Structures are given as C-alpha cells and as structure tokens.
Amino acid sequence: MYLSVQTCLLLLLLHTLTLAVVATRERRNVLLIMADDLRPSLGCYGDTVAKTPNIDQLASKSQVYLNAYAQQAVCGPSRTSMLTSRRPDTTRLYDFNSYWRVHAGNYTTLPQHFKSAGYFTMSVGKVFHPGISSNYSDDYPYSWSIPAYHPASFKFEKEKLCKGEDGKLHANLLCAVNVTEQPGGILPDMESAGEAVRLLKSRTNSDRPFFLAVGFHKPHIPFRIPQEYLSLYPVDQMTLAPNPNVPKLLPPVAYNPWVDVRRRDDVQKLNISFPYGPIPKDFQLRIRQHYYAAVSYMDAQVGQLLSALDELGLADSTMVVFASDHSWSLGEHGEWAKYSNFDVATRVPLMFHVPGVTAVRRRLEGSTFPFIDVFRQSELNFKNDKVIRNVVELVDVFPTISYMAGLRAPKPCPDVSFQVELCTEGNNLAYTFRHRERRKDEEAVSFSQYPRPADAPQLDSDLPDLEDIKVMGYSLRSWDYRYTLWLGFNPKTFQVNVSDVHAGELYMLGDDPSQDNNIYDEFDHSVMMRKMINQPHTVSVQMRMKLQLLYLTAGMKSRRKAW
C-alpha cells in the first residue's frame with residue numbers, strides 16, 4: 001500500500017512538472033505590423049507633434065527600442081533584409097529587380113521559419129515588396145500558408161485622384177481626399193485592416209498557432225489619406241525642419257535628390273532646380289502636415305487591428321511586433337524621402353509586446369488594447385516603462401521574434417553564408433527582455449548602406465539599377481558616432497574596393513545629433529587606409545569600418561553626452 005501511494009505521488013509530480021514545461025514552451029501567436037516609410041514620429045518616441053494614441057498604447061505595454069536602424073533606406077532591400085535576417089550584401093538586392101532565392105541564395109524567411117514549425121502563416125498588404133523582388137507572389141508558397149492579400153484599391157494609388165486648386169484631378173504628392181468620392185469608397189489601408197480582422201476571426205477556433213503579418217502602406221507617398229486627419233495638424237502650427245539646409249561639408253555622393261517627390265504633379269508646378277533647389281517654405285509646411293496626418297491615419301488602422309485582437313480573445317496569447325521598413329526625411333539636410341544613410345532615413349520605430357513578459361494583465365483589468373479615437377481622445381498620455389536605448393538593427397527582428405514566440409532562433413551566419421539556408425546576420429535580443437539596461441553599450445553598432453550611380457547627384461541617384469551602381473556608401477552607427485565611407489563597387493562581381501574611397505563622413509553625435517557637421521576631413525587617413533588595405537581579404541567591410549572608427553577616435557577629446 002505504501003509503495004503504491006509513493007508511486008502515485010511520484011507520477012503526480014512528474015505529470016505536474018511536464019505540464020509546467022509544456023506551459024513555459026507554449027508557442028505564442030505572432031502579429032507583425034509593418035508601416036511604410038515611418039520615422040519615429042510617434043508620441044511614444046517623444047514627438048510632441050504626433051497624435052498616435054493607439055501605437056502609444058501598444059508601446060506602453062511593449063519593450064520599445066529607441067535606436068533601431070534599417071539596413072538600407074528603401075522598401076524592397078530593407079524588407080528582404082529584415083525578413084531573411086541577411087544584409088543587402090548577402091541578399092544582393094539593392095534595387096527592386098531581383099529575387100534573392102535565384103539571385104543570391106535560397107534563404108529561409110521569418111514567416112517560412114514559423115510555417116515549417118507548424119504555424120499557419122498569412123500576409124496582408126505590403127509585407128514583402130511586391131513584384132520581382134518577391135517573385136510576383138510575396139514569396140508564396142515558401143513563406144505563406146495561403147496566397148498573400150493585397151487591397152484592390154491600391155491599384156488607384158498612383159492615379160490622378162487628387163483634386164487640385166483648379167478643381168481637376170491630379171497625381172499629387174499632397175492628396176487628402178473625401179473617401180466617399182474615391183473608387184469603391186475606401187482606401188488601401190482600410191481594406192487591409194478589414195481583411196486582417198477577418199483572418200484573425202478565422203483563427204479563433206483553431207488549435208494551430210498563427211503568424212499574421214500586416215503591412216500598412218502609409219505614410220508612404222502619395223499622401224492619399226482621409227481629409228479629416230489634416231485638422232489634427234493645422235498648417236499654421238507646423239514648423240520647418242530644424243536643419244533645413246544642405247550641410248556645407250556633405251559629399252555630393254551622399255545627397256539624395258528626392259526624385260520621386262519631384263515627379264508628383266503639385267511638386268512639378270513649383271519648378272524647383274535640380275538637385276539642390278529648396279522647396280518653398282509654405283509647401284514644406286504642407287508636406288510635414290500631410291506626413292503627420294498620414295501617420296495618424298495609419299495609427300487608427302493599427303488601433304482597429306489591435307482592438308479586434310482583444311475582442312476576439314487573442315490578446316493574451318499573441319505577441320505583437322510593430323516596425324517600419326525605414327524612415328523618411330522631412331526637410332532635414334535639404335532632403336526629402338529616404339535614399340540616404342542619415343538617421344532621418346534609417347532610424348525606425350521597433351517594439352515588442354510579449355504577453356506575460358512586457359505586460360501582465362491583471363484579473364480585473366479590462367481590455368488590453370481598446371480602440372482610441374484620435375478625434376475624441378487625442379490628449380491621452382501613456383508611460384513607457386520598458387525602453388532600450390542601445391543600438392539595434394532590423395536584422396535582429398527575425399531571431400528575436402522566433403525566440404520570444406517559443407521557436408528556436410536561427411544560429412549566427414558564418415562569414416560567407418550564400419549556401420546556408422537558415423542563419424542570422426543579426427542578434428537575438430531576447431536578453432534585453434530579461435535584464436534591465438543599465439549603461440550604454442559602446443560596442444553596439446548598426447550598419448546601413450546605400451548605392452549610388454555616380455559621385456554627383458543625378459536622376460537615378462535615389463534608385464539606381466544594379467548594373468548602374470558605381471559607389472556603395474557603408475555607414476556605421478554607434479552610440480557616439482555615425483561613420484560613413486563611399487567606396488567603389490563592382491555590380492558584376494558584387495565586390496567593394498576598400499582602397500577606392502570616393503568620400504567619407506564622420507559625425508560626433510554628442511555635439512552634433514542632427515549630423516550636420518562632417519569632420520571626416522579633419523583627419524589624416526593615409527596611415528589608417530594602408531593598415532586597412534593590408535588586412536586579409538576575408539575581413540568584412542563592417543569589421544574594417546569598426547577598426548577604422550576605433551583608430552580615428554582613439555585619443556579624440558571626449559565630447560560625448562552623459563548616459
């Protein structure tokens with residue numbers, strides 16, 4: 001009798017331990033929300049102009065990374081890089097004209113990793129960049145369990161649907177509209193939000209975990225948005241960029257002439273000289289007004305999606321990740337749009353909401369994500385308790401989502417990884433959820449890059465085709481510095497010539513956070529370059545630049561901001 005009781009107790013203990021292990025390893029659903037061309041113009045990032053209550057509410061229950069950077073400031077290459085966790089030199093995608101599985105390597109993507117682990121994977125809106133760069137299928141069926149959804153109304157995005165001052169329709173940059181007068185009486189992001197909610201509803205009774213990626217098009221140009229959002233930002237209350245002039249020591253190769261903005265009908269009427277001619281100040285204010293209005297419109301779509309997650313009873317079992325593919329200049333350095341290596345083009349919002357980790361809902365609490373109508377509750381204030389200020393990158397997203405959702409994170413890639421299907425060139429940020437950030441990490445860096453067809457701005461400087469790339473700008477961002485080298489590049493061999501330096505930039509961020517004062521030419525680079533040239537050819541550009549920056553800054557008088 002005694003033995004049987006002891007045995008029963010042992011079995012009960014083993015059963016309890018098994019349940020505990022299963023519970024801790026239980027896989028979370030994933031909702032990945034991507035914005036397009038979104039800089040950190042959000043209340044939760046300290047922007048006092050922005051009215052973004054729904055994203056701010058998400059941030060208050062998330063871990064927020066204040067210094068996250070994209071690997072290339074243009075849609076296709078950035079999204080492919082983030083979703084494969086490989087840098088553009090590994091995907092070999094610098095434009096929109098190739099598919100990485102054919103052109104570089106058969107790399108496993110983030111959603112594919114979840115699909116292979118048994119998840120039901122779904123894509124709505126702009127997740128991969130559509131077209132050649134995702135095989136005209138958004139990488140279906142590799143990445144998705146069902147074909148990707150694109151809103152039908154997006155086909156009108158570049159049509160002449162913007163009513164001008166002359167009463168006629170134009171293809172304008174500034175395009176606030178009466179939605180009821182638009183084709184179908186709807187806009188693309190509204191359609192995407194509706195489809196995403198429908199897909200969430202379809203998963204409520206399934207035991208199979210899901211991975212849903214939702215890509216909103218705004219605030220990408222044109223600013224075709226509901227006209228009522230302009231009322232949130234009266235133009236007479238808008239201000240110009242604090243540094244609206246082209247820096248005197250900016251190398252011409254570094255300048256982006258914002259050709260896509262120039263091509264819009266309303267901008268063409270301004271007759272702005274190419275490449276440096278400034279936009280009239282009154283029109284600059286209207287661009288900034290429309291950009292912020294587009295951000296608030298996108299915020300409302302995010303709010304609809306999150307409130308549906310709540311109402312469907314999925315909030316407690318779903319990790320929510322919010323990010324952007326890159327940023328967008330609003331007149332800083334005399335530049336507009338993306339297409340550069342500056343912070344205003346590469347720094348992005350990034351936040352992870354992990355139920356039970358970044359936020360714990362108490363028994364008597366109501367909804368996790370109630371929808372907030374910005375027109376009625378625009379003055380709400382949310383507190384961010386969990387912020388990371390050290391530098392991170394979008395290539396870190398893949399391994400971090402995987403680990404935090406309960407999957408095995410990809411292992412670090414070898415130096416040459418074209419034949420390796422699953423690995424990461426980023427870092428697993430899971431440790432940042434476990435340990436409070438106590439100090440700045442001077443070793444943490446991000447790398448961005450941007451191609452150019454020539455040393456001076458020309459019509460294809462922003463988006464050169466691969467065959468036309470002559471110079472590659474590699475940029476290292478640390479806590480204290482932004483260091484950029486513009487190096488000769490061979491598009492046929494994908495080789496960079498580290499001894500062929502076309503220009504350089506070095507900014508001390510403690511004194512110059514806006515990156516206006518280039519001090520690169522204050523140094524003699526000859527000794528350093530000889531040392532770099534003598535490095536083995538297997539040493540990566542990124543490692544060379546880290547060594548160069550250490551050499552440049554050794555003994556430099558400290559002018560750094562205190563922690």
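The largest pocket holds about 1,600 Å³ of space. This is a predicted model, in which local features need pLDDT of at least 70, side-chain atom pairs count only at pLDDT 80 or more, and totals for chains, interfaces and linings use all residues. Residues are numbered from 1 along each chain as its sequence is written, and side-chain values use heavy atoms, with hydrogens and water left out.

**Largest pocket**

- A pocket is an open set of points on a 1 Å grid over the protein atoms alone, with protein on both sides within 12 Å along at least five of seven lines; lining residues have an atom within 4 Å of a point.
- Grid points are joined across faces, edges and corners, and a volume is the space filled by probe spheres set on the points.
- The lining of the largest pocket comprises 50 residues, and R87, E425, S540, Q542 and M543 lie nearest its centre.
- Helix 15 provides the largest share of this lining, 5 residues; helices (H or I, at least four residues) and strands (E, at least two) are DSSP runs, numbered from the N terminus.
- By class, this lining has 21 nonpolar, 13 polar and 16 charged residues, where Ala, Val, Leu, Ile, Met, Phe, Trp, Tyr, Cys and Pro count as nonpolar, Asp, Glu, Lys and Arg as charged, and the others, Gly among them, as polar.

- M543 sits in helix 15 (residues 541-553).
- M543 is partly exposed because its relative accessibility is 40%, between the limits for buried (under 20%) and exposed (over 50%), with a 1.4 Å probe and protein chains only.

**Second largest pocket**

- The second largest pocket has a volume of about 910 Å³.
- Its lining numbers 32 residues, with N67, D343, R347, R477 and P513 nearest the centre.
- Strand 2 contributes the most to this lining, 3 residues.
- The lining of the second largest pocket divides into 12 nonpolar, 10 polar and 10 charged residues.

**Cavities**

- There are 4 cavities of 30 Å³ or more, a cavity being a set of points where a 1.4 Å probe fits but cannot get out.
- The largest cavity contains about 50 Å³ of space.
- Residues lining the largest cavity include A254, F342, R482, W486 and E505.
- Strand 17 (481-490) and strand 18 each supply at least two residues of that lining, and the largest share, 3 residues, comes from strand 17.
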